[in-house]
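Try each one before reading its solution.

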Amino acid sequence: MNNSAAIEVLGLKKSFGENHAVQGVSFNVNQGEIFSLLGPNGAGKTTTISMLSCLLRPNDGDANIMGHSISTDPMGVKSVLGVVPQDLALYEDLTARENLSFWGKMYGLRGSTLKTRVDEVLNVIGLRDRANERVGKYSGGMKRRVNIGVALLHKPKVIYMDEPTVGIDPQSRRNILDSVVLLKNEGMTVLYTTHYMEEAQELSDHIGIMDHGKLIAHGTHDELVKMVGQQTRIDLTLNGNADQVMAAWKETEGVSRVTSDEGLISVLVQDSNLTLPHLFEAATKHSARITSVNISEPNLEAVFLHLTGRALRD
Amino acid sequence: MKAFDIALKDMTRSFRSTFAVIFMFGVPLLVTGMFYFMFGNITDEGGFTLPKTQVVIANLDEGGPKFQVNPKNIPGGKEADSMGDLIVSILQSEDMADLIEITLVPSAETARTAVDNQESQVAIIIPTDFSHQFADVDGKAVIEFYQDPTLTLGPAIMRSILNRFMDGMSGVKIAVNFFVDEAEPEQLFLTGQVVDQYLEVSLAENDDPEVELLDVRNPVDGQKNDAAENQNLLLSIIGPIMGGMMVFYAYYTGTSTAQSILKEEEERTLPRLFTTPTSQATILTGKFLSVFMTVSVQIIVLLIAAHLIFGIEWGGFASVALMAIGIIVSASSFGVFVNSFLKDTKQGGVLFGGILTVTGMMGMIKIFAMNSAIANKMGDTISLLVPQGWAIRGLMQAMGGESFNNVALTVLVSFLWSAAFFAIGVWRFNRRYT
């Protein structure tokens, strides 16, 4: 991974009347890494992407994309950038090949170079066999793949993907996530927005969490989890004297908290692998039998909950 | 180059839409075709024939003071014993044979019944005292004209023939009365010659009454040249209608194609275009170019198709080319202008139903008022309040064989409209996307 910044975001602000959509967002994305902006709908992710795509002018702040300022050199920015918009932005009455060919021309490709790139991209998105069908006849997942393919035509150094997996089937989603990793492996820098915690967790080298127009935290997955000190939660059900067992568990090494709610006992531990055997021992000692166990590792959902007091999908 | 790519892409999309193609080419040709068949039977020569008017005549005239009328002055050359006979002779003449078919009946009632039973379209009842009234200085000679109220053309032709005849006879009566008052008693035997001379001038001068009785006009205010005069009646009706349809639907296409800017905004392809290294000016130029090119294809195809299908002569090449450019520029800029005021395509329905229809009909009003001098003048004024009217004016001038300079002047006015529309439209779109 190259540590020089592909994307430098410096105090971006954007308001629409009284709605302060983005309020001084700053972050860096290194070349060749995947940076995910995670946040609920309305957090300001798309507005941020729109400013970084030169579609919206920021009220304040600036950003440099591969050294090109979005304020002073928008054409330079656009030439190194591929954008996969949240909504499908394709001509449904044209075929996939015609779509790719047209968008390739808009990125300045011509002649044999254009033809070669169109064929290559059709291979990448797996639609070469159906390239001459009108996009309007494609399934949602296929359209998404063409939507991504358009952004790859000119081999951009940086690619923005704005919620590319919204509203598609699990198989197409899997394909898209795999293709994002492939792009990274080819050296592209990917700025990825999503409100799916699992996607950000799986894909990202770095994650920024946005809420109400602000970047409330950013770092690697582990850094974020550590930042809020989250522990693994073990949920158990018991057949026996729950009070005695719970009292014993509270004294067990590695356990920080034990609570009970309608028969379900939650135990917060530092390391579930080390602590779980001791929990079984204590239960056996009090002639109780553990009938179910569920382990929840610390995750971004919990981080978001900790930072905002709300669940990510609220 | 990118602008051209955008225009080509838009044209491809336009011509892949069955709905758009039908409206661009099918409807104008279809409407004109309907008029084509509505206005008459197509002959091998491309002309059309009027059906004969069935006329029943009850000549009850008992005659009166006689004056000799030279048979050569009566179409058909037959002698006439009364004014009623004279009318019948004229109407039965060979010259009228192509227009009317005469049946003589003995009574007024029989004549009216024939019309009531739709066996005839017109009944002419000449009263018993018709000749007497005519001969009487203070008399009033009246013919009863009884027609099927549901018909217009046949009865109108008959009324025109009779009016002309009665005007002539009134002239004779005035001439005779004047002669009797002024002549010496020994000169009264010359009364017959006075009548003959008058008839020579007023009745017999027209060798072909059909030509004179049917006032066949060229649509361009009587400014006919040789080429226009050679057009037959059907084409003189169909040509302007086709031209009007072409202008009406060219404006529809201009507006509809320009709406692709809003459509792309809604389809999110326009914002995506703005993320590519393509300037806003290039993108908008491409969109405007696509409107211009699409309307161009439509106009060229319609001009050629109408010529091949209906035989419409549009005029001299230079005038037609200039006029076509005028329509294309005008329709394109109007489309850009109107769409620049729309928030989204949903408003387009109101636009198409309202502005385009109203302005289109205003522009075409001259075409449908061309057979009435007063309505034609009024229609001319109204139509020039909208750009379509100027486009149609240029078209009619080219069709009427007017000079290139006249056509150029009209197209120049169209260009001025266009420049204003285009400037406003571009300014508004630029402001919208900046």
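Chain B holds 18 helices and 4 strands (DSSP runs numbered from the N terminus: H or I of at least four residues for helices, E of at least two for strands). This is a predicted model, in which local features need pLDDT of at least 70 and side-chain atom pairs pLDDT 80 or more, while totals for chains, interfaces and linings use all residues. Residues are numbered from 1 along each chain, chains are lettered from A, and side-chain values use heavy atoms.

**Exercise 1.** Find which residues of α4(A) are buried, and what covers them.

*Solution.* Start with the span: α4(A), residues 111-124, reaches 20 Å from first to last C-alpha. Next, pick out the buried residues (under 20% relative accessible area, 1.4 Å probe, protein chains only): Leu114(A), Arg117(A), Val118(A), Asp119(A), Val121(A) and Leu122(A). Finally, their cover includes α3 (96-106) and α5 (140-152) of chain A.

**Exercise 2.** Work out how α3(A) and α4(A) are oriented to each other.

*Solution.* First, take the axes (lines fitted to C-alpha atoms over the stretch in contact, with angles from 0 to 180 degrees between N-to-C directions): they come within 10 Å and cross at roughly 130 degrees.

How values were computed
Expected span 1.5 Å × (residues − 1). Buried < 20%, exposed > 50% of the residue type's maximum accessible area, 1.4 Å probe, protein only. Contact = heavy atoms within 4.5 Å. Parallel < 35°, antiparallel > 145°, perpendicular 65-115°, else oblique.
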